[in-house]
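Here are a few exercises to work through with the model open on your screen. Try each task before you read its solution.

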Amino acid sequence: MSEYKTIFGKAVKALASDPTDAGAEGQVWYNSTSGTFKSVVGTPAWISGGNLPTALSATSGTGDTNAALNFGGLNPTPANVDTTYAYDGSTWASPGATLSLARRSLGGAGTQTAAVAFGGVAVPGITAVTDNYNGTVWTASGSLSTARRDIGGAGTQIAAIAFGGEVPGSPSFSAAVEEYNGTAWTSGGSLPAATKNPGSAGTLTAGLAFGGVITGPAKTNVTSEYNGTSWSPGGNLNTTRSELGGSGIQTAAAAFGGEAAPGASSATESYDGSSWTTASASLATARYGGGGAGDSNISALYFGGFGTARSAATEELSYTIYAPIASTWASGGNLPAPISANQGAGTQTAALSISGQPTAPGTAATTATNEYDGSAWTAGGSLAAGAASYGGASATKGSQTASLFWGGYNPTPPPAGFRTTVSSYDGSSWTAQSPFPGFSTTGYASGAGTENAALGMGGYLVTNTYESDASYNWTAGGALPQARYATAAGGPQTAAISAGGFGGSPVVIQNNADTYDGSSWTAISVTPISYAQKNGCFGTDSSDFVVAGGESNRADTIAWDGISWSTTTSLSTGRQGGSGAGASGSIGLLSGGQNPSFTNVTEEFTGEIPALNYKTLTSS
């Protein structure tokens, strides 16, 4: 370190603890506590971006991280699609343009406003169709000489390359290469081996093909470099895979995701023109068949694809000086007894678990209320009548000493049926308020808000929304865009959120999500996972919300930050029907539920904590 002051004009400081501000990047200091020299360095990392409006696999993309384009693919129906979505760095929107032919497993190249789409599989089969995009409309152009699907592509709209793929007939794999000038395709130098589903990057005169499936079929880790005339060997991928995403140029490319043995991969690798290095950053969601975009090995997008299910997720690869401490679920104090279909309110250190069914579905709902102090549950005031959330019992996300509980269902006498009761809690006892008949016929409604400004939404195949005031008077609010029930909901009356639930025709689990501004609902990005069955949920408003658990005893946890959904740390115990509480999307809890037997388990959530990426310096 003797030359550090000469180079930077500053002496190395001795600090008892590491600095926490971003200005530490590139600086060197001596940590006197650990006895080491340290600095802050930047590394690539994947972060959550805005979800596609719909889940897609076998899709294609081009552009860069702040101006990407997605086109074609397979949607959950399943069916080939002709839709186009444009990305502005945070959200996807439809410009209203459609491909000339709906298809999947197609190739693409270019930018968001000057793209080309080619090949793919449509009805009735593999196609040679090529479309040009000008930022507004797609126009059919010169067709490929050889119809192909699962094809690689790179370059620009007026200087593109298409290589490999699957062709009709036998042999089905192709080594053919075609070059595009914006209007017509001509033959180029063939790949070293017939390959389908390769990753791709680069340009017409400096292209890159990596991975894929070769005749056999067997996956390959081979990389080939194109100079505009012929291919030469490059460094092999470290993870053998096909249907992977790619970004960048021939000397600075990234490979991510893909289908490996035995399933989807999250691996990311960086290429320097001669060899691949496995990056420390991996995709949060392993998948293959997604669309890729990006202009370097540290700036990329991966969107859609298929892992355990078809996905709408978008992830962004970027350079960051942060290495966040991951979110966690930790064991909390157990409820006094197993319970499911209960409702929650309050915070992680001052929560409520209200009513629910104590033994099994179909049994009488309990009148019990339990209070949590951050470590243990104790009995609180009892309700006049129990009501399980399977029938729509709802609670505000208010405090332990000021909450509201209404509706619900009791399957056994006395009396059985949907509840119209409304009760307020003051921290020790429940007080009956004026009944609300609106919930007597809806069932399975969800709740949000506070004691003096509650919000009830949805219900069995209805779009109803109801608002209450400080006198517990209820009035109709704006209708949900789609009839849904058993949703996850939270936030205040003027900034609420509702996600997932059952809906549609036929009724299925949904991934729709909407926010409420006090008068109307607005659709937001769909959730990466479909949720229902009274998930545990908590958060402050429609920009800070977490959903965990749910139908089919899920352990997944997703978070909404006001722009996009992201998948985070899973529950230790997957379940449905539990209750959530928390004053923010960073600190909350989930208690009770079933999987398949009823449980008294409580888990406490701590969200991701920002932290600088410290590096200990050595002489090596």
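Buried means under 20% relative accessible area, exposed over 50%, and partly exposed in between, with a 1.4 Å probe and protein chains only as cover. The model is predicted, so local features need pLDDT of at least 70 and side-chain atom pairs count only at pLDDT 80 or more, while totals for chains, interfaces and linings use all residues. Residues are numbered from 1 along each chain as its sequence is written, and side-chain values use heavy atoms, with hydrogens and water left out.

**Exercise 1. A surface patch**

Classify Y460 as buried, partly exposed or exposed, and find the patch that holds Y460.

Solution. Start with the location: Y460 sits in the loop between strand 45 (453-457) and strand 46 (465-468). Strands here are DSSP runs of E with at least two residues, and helices are runs of H or I with at least four, numbered from the N terminus. Next, take the accessibility: Y460 counts as partly exposed because its relative accessibility is 43%. Finally, look at the neighbours: together with L461 and V507, Y460 makes a nonpolar surface patch of about 260 Å² accessible area. (Patch residues have over 30% relative accessible area and no salt bridge; nonpolar side chains, meaning Val, Leu, Ile, Met, Phe, Trp and Tyr, are joined within 5 Å, and like charges within 9 Å. A salt bridge puts a side-chain nitrogen of Lys or Arg within 4 Å of a carboxyl oxygen of Asp or Glu. Areas follow the Shrake-Rupley method with a 1.4 Å probe.)

**Exercise 2. Two aromatic pairs**

Describe the geometry of the pairs F71 with W138 and Y516 with W521.

Solution. Begin with the rule: rings of Phe, Tyr and Trp (its six-membered ring) pair if their centres lie within 6.5 Å; planes under 30 degrees apart are stacked, over 60 edge-to-face, and the rest tilted. This rule gives 26 aromatic pairs. In one of them, F71 and W138 are 5.2 Å apart centre to centre with 65° between the planes, an edge-to-face pair. This pair links distant parts of the chain, with F71 in strand 6 (residues 67-71) and W138 in strand 14 (residues 138-140), 67 residues apart. F71 is buried because its relative accessibility is 0%, and W138 is buried at 9%. Now the other pair: Y516 and W521 are tilted, at 4.8 Å centre to centre and 40° between the planes. Y516 is buried at 2% relative accessibility, as is W521 at 9%.
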